[in-house]
Amino acid sequence: MKIDHSLPLEYSTEENRLKIFGFWIFLGAEIMLFATLFTSYFVFENRTGNGPTGAEIFELSPVLMETILLLASSFTIGLGIHAMRLGKQKAMMAFFAVTLVLGLGFLGFEIFEFTTYIHEGAGLSASGFTSMLLTTLGTHGLHVTFGFFWGLSIILQVKKRGLTPEAANKSFIFSLYWHFLDVVWIFIFSFIYLKGMM
């Protein structure tokens, strides 16, 4: 395996560069998935039947906390990649760990939010609106949950094997995934929550 030391560690081999390119293609498919969910949500947004509307169930405080936690995690994952590029393994692992703790905090708020919605009569079967709302939020939440375990496995691998080109590549790809989830959340925050509160 030929290593190009003139490039960042995550790009330093041909295989690594191909994996990053392949992951961008995967993210294109993920964009289509969430675009489909958003489109379906907007189709059913006003089909509330006898169930509650967004204005009746959405609360700004928990959604703001979720947003702050996820945006902060995007910042810390960026710091983790920066530390990785400087060869600072402990700092990188620490920033990745903080990112995952923030992700867990986000999931905690989302679980609380889901249980509140269901308690208020906004379950999956209440209406087309609640069905698509919970499906869209749940899909994003599942992605964050998967990301938590993925990030944890990277921390363990780096601790065991050090900052190898392979570990750096996985870490960078993970950071792309995490940033993508943050971008999706901004759309959820803006076009589902804020729009729905009006």
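**Figure 1. The packing of helix α1 against helix α6 in a predicted model.** The axes of α1 and α6 cross at roughly 15 degrees and come within 11 Å. Axes here are lines fitted to C-alpha atoms, for helices over the stretch in contact, and angles run from 0 to 180 degrees between N-to-C directions. Helix α1 is therefore roughly parallel to α6, a description used for angles under 35 degrees, whereas those over 145 count as roughly antiparallel, 65 to 115 as roughly perpendicular and the rest as oblique. The crossing of these two helices is right-handed; a crossing has this hand if the near helix is turned clockwise from the far one by less than a right angle, and is left-handed if anticlockwise. The contact of α1 with α6 is formed by 20 nonpolar, two polar and three charged residues. In this division, Ala, Val, Leu, Ile, Met, Phe, Trp, Tyr, Cys and Pro count as nonpolar, Asp, Glu, Lys and Arg as charged, and the others, Gly among them, as polar. Residues are numbered from 1 along each chain as its sequence is written, and side-chain values use heavy atoms, with hydrogens and water left out. In this predicted model, local features need pLDDT of at least 70 and side-chain atom pairs count only at pLDDT 80 or more, while totals for chains, interfaces and linings use all residues.

**Figure 2. The chain and its helices.** The chain has six helices and zero strands; helices (H or I, at least four residues) and strands (E, at least two) are DSSP runs, numbered from the N terminus. The C-alpha trace spans about 65 × 30 × 25 Å along its principal axes. Of the 198 residues in the chain, 46% are buried, that is, under 20% relative accessible area, with exposed meaning over 50% and partly exposed in between (1.4 Å probe, protein chains only).

**Figure 3. The contact between helices α4 and α6.** Helices α4 and α6 pack with their axes 13 Å apart, at an angle of about 30 degrees, and are therefore roughly parallel to each other. Helix α4 passes α6 in a left-handed crossing.

**Figure 4. The largest nonpolar core.** A nonpolar core is a set of buried Ala, Val, Leu, Ile, Met, Phe, Trp, Tyr and Cys residues joined through side-chain atoms within 4.5 Å. The largest one has 52 residues, of which Phe58, Tyr117, Leu133 and Trp185 touch the most other members. Helix α6 provides the largest share of this core, 16 residues. Leaving aside neighbours within four places in sequence, Tyr117 is in contact with residues including Phe58, Leu133 and Tyr193.

**Figure 5. Serine 73 and its surroundings.** Serine 73 lies in helix α3 and counts as buried because its relative accessibility is 0%. Not counting residues up to four places away in sequence, serine 73 touches Thr99, Leu102, Trp178 and Asp182.

**Figure 6. Phenylalanine 148 and its surroundings.** Phenylalanine 148 belongs to helix α5 and counts as buried at 15% relative accessibility. Apart from neighbours within four places in sequence, phenylalanine 148 is in contact with Leu100, Leu104 and Trp178. The C-alpha atoms of phenylalanine 148 and threonine 67 are separated by 17 Å, and these residues are 81 residues apart along the chain.

Key
Contact means heavy atoms within 4.5 Å.
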